[in-house]
Structure formats: C-alpha cells, structure tokens
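Please keep the sequence and the coordinates at hand while reading.

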Amino acid sequence: MSRGPENKKERRVIRPGSDFRGFGPDSQKDDESGRLLEAIFANTHFMVAYMDTNFCFIRVNQAYAKADGKWPDYYKGRNHFDLYPNEENRAIFQKVVDSGQPYYALEKPFEYCQNPERDVSYWDWSLNPVKAADGRVTGLILALVNVTRRKLAQKAALEAEKRFRIMTEAIDDVFWMALPGLKRILYVSPSYEKMWGRSCQSVYESPMSFVESIDYRDRPRVRKRIKHYSGGTWDEEYRVVRPDGSICWVRDRGYPVCDENGGLQMIVGVCTDISGLKSAQRALQTSEGRIRLLSSQLMEAQEKERKYVARELHDSLGSGLAGIKIQIENALAAARSSKTGVAPSVLEGLAANAGDLLAECRRITKGLRPPMLDDLGLLPTIDWYCRQFNTVFPHIRVEKILMIDEQDIEESLKIVIYRMVQEAMNNAARHGNAGSIQLSLIKNGQCMLLTVADNGIGFSAEKQARADAGYGLLGMKERVELSGGTFRVESRPGRGVWIKAGWQCADQQE
C-alpha cells in the first residue's frame, strides 16, 4: 500500500504507555523479549506499523517513517486513514478487526488522492490481527513492501513482449529463439506454421522436428551445422518438405547471444521464404540457356539465309546477267564488223532477259520481306502468302479466318505475325505431314488472337519441352514474348499441332 503525506486534519489519540513492549493489554511481558522485538521492529528493512482497532498508529518502524520523510514518533496517535484516505483499504482493515483473520495482498495498487502527481504505486502487504488471550482483536500489524519498480518493470517487459509478438506475427519471416544445440525452442513465431506446414506446438514439444522436415538432400548439412555450432553467425539455405509434399526453400540465419562471460547463452534466428527467389533463379538459368541456344540458332539461321540469298543471286540473277552480258558483247561485235546497227531482235531478246531478271529479283525480295506488308498491310499479305503456299503445296487445304481490322494491328506486330504464319504453315507442310491447316486471326474483346492449327502427326510434350525441339517453335516463342505477347503450343502424337499467340490490340496499349 502506498504512503502519503501528512494530513492537515490530524486526529491525535494519546495512549499513555503505548509503546512496542507488549502487543496486547498485558504489558507485563519480559523486558528481554521486549528489547528483542524492539530490535527486530527497528532494523527490519520492510515497512511495519502497529495500530489499534481504530486504526490509530501506536508504533511504526524506521523504514515506514522514512518512506514519507518523517520520524517514527510523528505517527503516534494519528489515524492511518486521516493520513492516507482510501475507503477500499479501510473496509479491509475493518474486516480483519471484525473477523480476526489476516489479509494478504500482492502488487496492490494505491493512488495518493491528495497528491495525484505521485502516480500509482504498487505494494505487497499483509495485515495481521493482534489478539488477547480471550481471542479478542486488540490491534493490527501492517507490513508493507513497495514493489512499484518490479511492477513497472513487469509491465514494461509485457509491453515489450507484446510489441515483439505484434511485429513477429505481422511479417512473413519466422523468428525463433533456442538454447544451444537446439535442446529447447524458447520461441517461434506463428509464420512457422505457414512456412513449415506444421504447428508451432510441434516444434516446442520436439525441437529437432523442424530438422526432420528438411529435404533429405539438405538435412545432413544442416545437422552438421547444428552439431558443431559453438558461436558466430550462420547462414544456410535448404528445402523444407511440407506434409502435403510441397517444397519451400528457406534461408535460415542464426545469431549467438552470449552472457557477460562470453559463454553462449542462446541462439536467435530468422527464416525467410526464398522459394520465389529460387524459382526466379531457375527461370533465369533456363532463360539464359534458351538465349544461348537461340543465339546459336539465330547465327545458324542467318548463315542459312545468307547462303540462300547467295545461291539465288548466283543461280538466278548471276546467270541471267551473264547471259545479257554475252548477248550485248555479241551484238557489239556484230555491229563493229558489219558497220551496221544492232538488229531489233537482239534488243528484244535483251529486254526479255532483263524482264525475267527483274521478276526473279522481286521473287527473292518477297521471300525476304514482302513489300506489300508495308504497302497494303498484314491482311492482304496473309491472303497472298496463302495463295503462294497452295501453289507449292496444292494437296494441303488452307482455311483462313480473318476477323480483325487492319487498324487494330500495331505496325511492329505485323512482321511478327507474318513470320509466325510463315513458319507455322511451313512446319505443318514439311514436318507435320498435314492435310489441312486452319489459320485464324481475330479480335476478341481487347485482345488479338492468332491460331495456326493442323491435322498432322503432332509430337509429344517431352519433345516440346526439350531445348533442342527446333528453331521453329523456339523462334516463334521468342518473337511473340519479345513483342509483348503470350505464346502457347498444344500437341499430341497423331492429333496435330495448335500454335496460339495473343496480344493486346493497338488501342488498348496506348
């Protein structure tokens, strides 16, 4: 119970001979016993007060008086509740007097009514009745211990623990504390249940159960790390196998907590789910492999294209130009020898040969990039290509569905779509042994969808997944994804191939 300043409305009750010798009406106690009790009363470190049944002080010890900066004699005859008003405590005192039963309180709060600036204090106290030989209560002994610092420290610790739990429960990382060697888990945050797929209680009951959850490929390394850990920081990555069989990659970092002598007292740590990072790393490695493969295949394709252009120039344009050159030389020789002009038939032959060369040049140019793609647009170019395709592969039926306006197709996508159509139809004819091809380019809401499907021999998913599946599929996929689209291939042996790509329409990308 807290102490208070003196009350100006003091009520003095003078009790002659009221000292510590004898706590009852019988004052003829042995002097030696009285001196012994006096010594104990005066030198005990906690606060003690002796008062009558009207709650007037008979005697207080030095500790009691010192708490309010008074001398022990100051309290003699003064009423306790005049100095420290508190109706709840008065009722407790009266009940002890009436019942003769002691009262004990732990960390009982007390607030100074007359001095509220002193804040609330907390007390452990006991109130014991002093009884006469006939059992009648003749006085009270009040013993007090100020536990305010302890109580405030407990409240601060609880508040700190509350903030710690709020912090650890609000984030996805797992915080943990354990004794050295993981003999006992002192704390693990609730995120453990999500990351490990097991209850926190399970790791409290069996500290090594979290190790048993680690993938067999990583478990020996983690066990060895725990067994030989003597201090310092550890940083381990390993896979956790959840009860449902799913895998979670975690990064586990542990830090030592040492006592004042430098001995290892406990280990604290944090586990972070790095499954997304590992997936990104694997995707990056796969992408790097695909890029290297694509680069080599692009170089190979470039060399093939150059070889094709060189062959076409040599076989078609080269031989034609050589023939024209010979005809011109022969005409010049004849003109010089006969002193006559060049015959019209010779000029007509040269003009015909030059026309053939021009047509061949246009054919080669269209094979590299159709001029009508820039002049007329994608849809007329696809129509033209399908007609050209049927002249080369007349046994293949081509069905095309073009349900989109030219202005809905972004300029940069036109060559991408054209090359996809070209590659997919050539693959169906040359490798798929297709008898029919269905080509569709449609606008569906805000998206543009391209599909090239055939009824050819198809292929297995395993072949499609292999990196060496061929430049055709890989090249189409890279073209579509680099242009901001999505690409998908569906096929089964004997069921043909469906090549699908999708983009946002031009007006939705702005």
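A residue is called buried under 20% relative accessible area, exposed over 50% and partly exposed in between (1.4 Å probe, protein chains only). The model is predicted, so local features need pLDDT of at least 70 and side-chain atom pairs count only at pLDDT 80 or more, while totals for chains, interfaces and linings use all residues. Residues are numbered from 1 along each chain as its sequence is written, and side-chain values use heavy atoms, without hydrogens and water.

Glu-88 is exposed, at 51% relative accessible area, whereas Lys-108 is buried, at 10%. Their side chains form a salt bridge with an N to O distance of 3.3 Å; the term requires a side-chain nitrogen of Lys or Arg within 4 Å of a carboxyl oxygen of Asp or Glu.

In the salt bridge between Asp-218 and Arg-239, the closest N and O atoms are 2.9 Å apart. Here Asp-218 is buried at 4% relative accessibility, and Arg-239 is buried at 15%. Both belong to a salt-bridge network that also includes Arg-221, Arg-225 and Glu-236. The structure holds 22 salt bridges.

Turning to nonpolar packing, a nonpolar core is a set of buried Ala, Val, Leu, Ile, Met, Phe, Trp, Tyr and Cys residues joined through side-chain atoms within 4.5 Å. The largest has 41 residues, and Leu-441 and Trp-503 are among those with the most contacts inside it. Leaving aside neighbours within four places in sequence, Leu-441 is in contact (heavy atoms within 4.5 Å) with residues including Leu-378, Ile-404, Ile-417 and Met-448. Another core, of 26 residues, lies apart from it and includes Tyr-84 and Trp-123.
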